[in-house]
Amino acid sequence: MATVDVRLKKVNKIYHEGELVSGIVLVQSKDAFQHQGITLTMEGAVGLQLSAKSVGLFEAFYNSVKPIQLLNYTMDIQKPGRLPSGRTEIPFEVPLKAKGNKVLYETYHGVFVNIQYVIKVDMKRSLLNKDVQKQCEFIVEYKEQKEKVQPNPHKFIISPDTLLNIKEKGSVPKFKIAGKLNATNCSISKPFTGQLMVEHSHTPIKSIELQLVRVETCGCAEGYAKDATEIQNIQVADGDVCRGIVIPIYMLFPRLFTCPTLTTNNFKVEFEINIVIIFQDDRLVTENFPIKLLRH
């Protein structure tokens with residue numbers, strides 16, 4: 001039984017547009033065997049998916065949620081013939097260039113939007129033997145921008161008066177939390193930082209949490225389906241914290257599950273930060289801050 005593996009030259013598998021994606025296709029077998037040719041395909045696509053609540057809303061969605069192909073190359077790396085027993089290494093090199101006027105977006109694994117780049121190897125066998133396939137994902141990142149981006153820090157106060165979407169403000173515990181986000185234009189490769197301080201709270205606090213949310217929009221001219229889902233949740237304070245003490249905010253943006261903020265005709269990927277205050281009686285207050293992720 002022959003096995004096929006794809007090994008890229010770069011250990012971290014990160015590539016930028018214009019670079020060569022190179023490596024080897026490793027074929028291993030105990031015995032010599034015949035094959036009908038080995039092909040290598042490099043693919044990049046944006047997969048769009050509708051949430052259950054959006055299906056049926058717009059018939060036109062079914063056309064717009066087809067995968068958007070960003071690149072597709074196929075090449076023969078071995079002509080039909082016989083391979084010896086043991087290890088056979090077949091080197092390959094493919095330029096990372098977009099198809100036509102398309103743009104190579106950064107690799108991103110979301111819930112309703114998925115941007116993925118893969119190398120697939122297909123070894124054809126004779127009728128009696130099963131074809132052997134193997135695929136390997138590699139990561140595409142934008143080159144870091146040279147120009148400086150203004151971090152745009154944001155000071156905030158959270159209290160019953162600042163809250164929206166509340167029917168009865170009298171039912172909300174009396175409290176005041178002040179703080180600062182050091183940047184709302186954030187570098188994706190640097191930590192998200194800031195601070196907050198509980199000035200006063202009549203009801204004891206159970207927990208303060210920092211939530212990173214992805215907002216994915218799929219659609220077309222007829223309408224859009226917008227869905228917000230949680231990426232990660234970090235507890236920044238546990239229990240009824242001391243009043244007047246500065247609590248630091250520190251969070252790393254997870255690789256693959258975040259990408260630079262993206263807006264196109266068919267889809268959008270945006271990010272938000274929620275500061276969540278949970279009181280001892282399990283009442284919950286959330287303040288939302290849109291942020292922009294950049295690679296610089």
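Predicted model: local features only at pLDDT ≥ 70, side-chain atom pairs only at ≥ 80, totals over all residues.
Visitor: What makes His109 count as buried?

Guide: Its relative accessibility is 17%, and buried means under 20%, so His109 gets that label. You'll find His109 in strand β9, residues 108–109.

Visitor: Which residues does His109 touch?

Guide: Leaving out residues up to four places away in sequence, His109 touches Asn114, Ile115, Gln116, Glu137, Arg214, Leu256 and Phe257.

Visitor: What makes the link between His109 and Glu137 a polar contact?

Guide: The distance is part of it: the side chains are joined at 2.8 Å, and the cut-off is a pair of N or O atoms within 3.5 Å. One atom must also be able to donate a hydrogen and the other to accept it.

Visitor: Why is Glu89 called partly exposed?

Guide: Glu89 has a relative accessible area of 46%. Buried would need under 20%, and exposed would need over 50%, so Glu89 lands in between and is partly exposed. Look for Glu89 in strand β8, residues 86–95.

Visitor: What does Glu89 touch, and which side chain does its own side chain meet in a polar contact?

Guide: Not counting residues up to four places away in sequence, Glu89 touches Ile24, Val25 and Leu26. The polar contact is with the side chain of Arg87, at 2.8 Å.

Visitor: How far apart are the C-alpha atoms of Glu89 and His109?

Guide: They're separated by 31 Å, and the two residues are 20 residues apart along the chain.

Visitor: On to the rings. How many aromatic pairs are there?

Guide: The structure holds seven. One of them is Tyr15 with Phe138, whose ring centres are 5.9 Å apart, with the planes at 90 degrees.

Visitor: Why is that pair of Tyr15 and Phe138 called edge-to-face?

Guide: Centres within 6.5 Å make a pair, and planes over 60 degrees apart make it edge-to-face. With 5.9 Å and 90 degrees, Tyr15 and Phe138 pass both tests, so edge-to-face it is. Tyr15 lies in strand β2 (residues 14–15) and Phe138 in strand β11 (residues 132–140), so the pair ties together parts that are 123 residues apart in sequence.

Visitor: How do you know whether Tyr15 and Phe138 are buried or exposed?

Guide: Check the areas: Tyr15 has a relative accessible area of 1%, and Phe138 has 0%. The cut-off for buried is under 20%, so both Tyr15 and Phe138 are buried.

Visitor: And what makes the pair of Tyr117 and Phe138 tilted?

Guide: Their ring centres are 6.0 Å apart and their planes sit at 40 degrees. Stacked needs under 30 and edge-to-face needs over 60, so 40 degrees falls under tilted. Tyr117 lies in strand β10 (residues 113–123) and Phe138 in strand β11, so this pair ties together parts that are 21 residues apart in sequence. Put together, Tyr15, Tyr117 and Phe138 form one aromatic cluster.

Visitor: How do you know that the charged end of Lys10 sits over the ring of Tyr15?

Guide: The charged end of Lys10 is 4.8 Å from the ring centre, and the limit is within 6 Å. The position must also be within 35 degrees of the ring normal.

Key. Residues numbered from 1 in each chain as written. Heavy atoms only, no water. Helix = DSSP H or I, 4+ residues; strand = E, 2+ residues; numbered from the N terminus. Buried < 20%, exposed > 50% of the residue type's maximum accessible area, 1.4 Å probe, protein only. Contact = heavy atoms within 4.5 Å.
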